Amino acid sequence: MSDILRNTIDIVFIIFYLAVFILAAIFIILKYFKSDNIIDKPAVGLDKNTILKIIGVVLLSRIVLLLLSWGAVHISGYGDNILDVWNNWDAQQYLRIVNEGYISAEDGFIRIVFYPLYSAVVWLFKFIFVDARLSAMLVSWGCLCSAGIYLYKLVLLDYDKKTANRALKYLLIFPVTVFLGAPFTESMFLMLSLACLYNARIRKFSAACIFGGLAALTRNVGVLLAVPVLLEMLLAHSMVPKLLRQNIKDKLKAFAKDFPYIFIIPLGTIAYLLLNQFILGDAFGFLKIQQDYWSQSFGSYANTLSVTFGQVLTMEFMRTKLLLWASQFAVLIIGGLTLPVICKKMRVSYGAYSIVYLFVVFAPTWLLSGFRYYMGLVILFLALALLTKRKWADVVITVMFALLMPIYTYAFTMGWLVF
C-alpha cells in the first residue's frame with residue numbers, strides 16, 4: 001500500500017471517529033436539555049418461577065456450550081479434561097493469580113495488569129471446592145445467572161416481557177458468549193454493571209455506587225459507571241434545564257444527599273492502584289507492564305481502526321485474518337455506526353455510558369479483544385432487543401448469532417487467536 005493511500009485511509013478513520021463521537025455527544029446533550037418528563041420507577045419484582053426460568057436457561061446454555069466444546073476438542077484429537085476446555089489465553093492468567101498470586105518466579109509481575117476482584121472471589125471459592133478451575137466456572141456461571149436476572153429487570157423498567165426475553169436471548173447467543181462461561185471477568189463485570197444501572201434507575205444510589213465500585217475493581221472501565229449514575233441522580237432530582245428553576249433550593253438539597261455516594265465508584269480503581277503500590281512500589285506501575293509485556297497503551301479509536309484495518313490487509317494466515325482482525329474491524333465499524341443511534345433513541349444515561357465506554361475500550365494501541373470488550377457494553381443487549389421488534393429482524397439476528405456462536409466457541413476452545 002502506498003504512503004498516500006495509507007494516509008488517506010488514516011484521515012478517513014479520523015473523520016469517522018470524530019463524526020461518530022461528536023454526533024453521539026450532540027444527541028445526548030440535546031436529549032438532556034429537552035428532558036422534562038421525570039418519572040419514578042419502582043423496583044421490578046420477579047416471581048420465583050421467572051427467576052428459576054432465567055437461571056435454568058442461563059445454566060442450560062452454558063452446559064450445552066461446554067459439552068459441545070468438550071466433544072469438539074475430543075473429535076479434533078485432543079483429550080482435555082472438561083474443566084480445562086475453556087482455560088485458554090487470559091483464563092490461564094486468572095487461574096495462575098488464584099493459585100500463585102500476582103508474583104511468580106517464571107513470569108515476575110506481569111499479571112498485575114489483571115484487576116483483582118474476579119480472582120479474589122475464585123480464590124475464596126477454592127477453599128470450598130478445592131479446584132481453581134471448578135471454582136472459576138462456578139463463579140462465572142453464577143455471575144452470569146445474576147446478570148441475566150438484572151438484565152431482565154432493567155429492561156422491564158421501560159419495556160415488556162417480550163423485549164426482556166429477547167435481550168436475555170441475545171446475551172446468551174452473542175457470537176463471543178463463550179467468554180461468559182470461561183474463567184474471564186466478563187460475567188462478573190456484566191453482573192455488577194447491570195446491578196449498578198438497575199439500582200440507579202430505581203434511585204437506590206448507595207447500592208448502585210457500591211456495585212459500581214466493585215465493577216471498578218473488576219475491570220478498568222468499571223469506573224466509567226460513575227457517568228450514568230451521576231446522570232440518573234440529576235434526572236431523579238429534576239436537575240435538568242427545563243425544570244431547574246422550579247424549587248431549586250429543595251432540589252439542590254436532595255441532590256446533595258445522594259451525590260457523595262458517587263465517590264464510592266472510584267474507590268475500586270483506587271484499591272487497584274494501592275495494590276500496584278504494594279506489589280510494585282508504584283501505583284501506576286501496571287501502565288509500564290502493559291506497554292512492555294502486553295503491547296498496550298492508551299491511543300484512540302481512529303488509531304485502532306487503522307491498525308486493525310492494516311492487519312486485515314496484511315495478515316496472510318486466513319484463520320487469524322477472519323476470526324481476529326476482520327471480526328474486530330467489523331465490530332469497530334458497527335459499534336461506531338450504531339453509537340449515535342443508541343444516543344438518539346435510548347435513555348440519556350445509557351447513551352452517555354455508551355459514549356465513554358466505547359471511547360475507552362476501542363482506544364488501546366494494540367487492541368486484540370475488541371469483540372469481547374464490545375460485549376461488555378451492557379446496553380448492547382437492550383439495543384438489540386429494541387432493534388428486533390419486528391419478527392423478521394429478530395429471526396435474522398438470531399440465525400446470524402446462532403451460526404457465529406459455535407464458530408467462535410470452537411475457535412476459542414482450540415486456542416486459536418480469538419480473544
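**Pockets and packing**

Modeller: Helix 14 gives the most to the lining of the second largest pocket, with 8 residues. Helices here are DSSP runs (H or I, at least four residues), numbered from the N terminus. This is a predicted model: local features need pLDDT of at least 70, side-chain atom pairs count only at pLDDT 80 or more, and totals for chains, interfaces and linings use all residues. Residues are numbered from 1 along each chain as its sequence is written, and side-chain values use heavy atoms, with hydrogens and water left out.

Biologist: What volume does the second largest pocket have?

Modeller: About 590 Å³. A pocket is an open set of points on a 1 Å grid over the protein atoms alone, where a 1.4 Å probe fits, with protein on both sides within 12 Å along at least five of seven lines; lining residues have an atom within 4 Å of a point. A volume is the space filled by probe spheres set on the points, which are joined across faces, edges and corners.

Biologist: Which residues are closest to the centre of the second largest pocket?

Modeller: Of the 24 lining residues, Ile334, Thr338, Leu380, Leu384 and Leu387 are the closest to its centre. By class, that lining has 21 nonpolar, 2 polar and 1 charged residues. Ala, Val, Leu, Ile, Met, Phe, Trp, Tyr, Cys and Pro count as nonpolar, Asp, Glu, Lys and Arg as charged, and the others, Gly among them, as polar.

Biologist: How much space lies in the largest pocket?

Modeller: About 1,100 Å³. It has 36 lining residues, and Val113, Asn220, Gln290, Gln296 and Tyr373 are the closest to its centre. Its lining splits into 22 nonpolar, 10 polar and 4 charged residues.

Biologist: Which helix gives the most to the lining of the largest pocket?

Modeller: Helix 12, with 5 residues.

Biologist: New topic. At what angle do helix 14 and helix 15 pack?

Modeller: About 155°, with their axes 8 Å apart. Axes are lines fitted to C-alpha atoms over the stretch in contact, and angles run from 0 to 180 degrees between N-to-C directions. The two helices are therefore roughly antiparallel, a label for angles over 145 degrees.

Biologist: Which residues of helix 14 and helix 15 meet?

Modeller: Gly335, Leu339, Ile342 and Cys343 in helix 14 meet Gly351, Ser354, Ile355 and Leu358 in helix 15. Contact means heavy atoms within 4.5 Å. The residues of this contact are 5 nonpolar, 3 polar and no charged.

Biologist: And what does Met414 touch?

Modeller: Val73, Ser76 and Tyr78, not counting residues up to four places away in sequence. Met414 is in the segment after helix 18.

Conventions. Angles under 35 degrees count as roughly parallel, over 145 as roughly antiparallel, 65 to 115 as roughly perpendicular and the rest as oblique.
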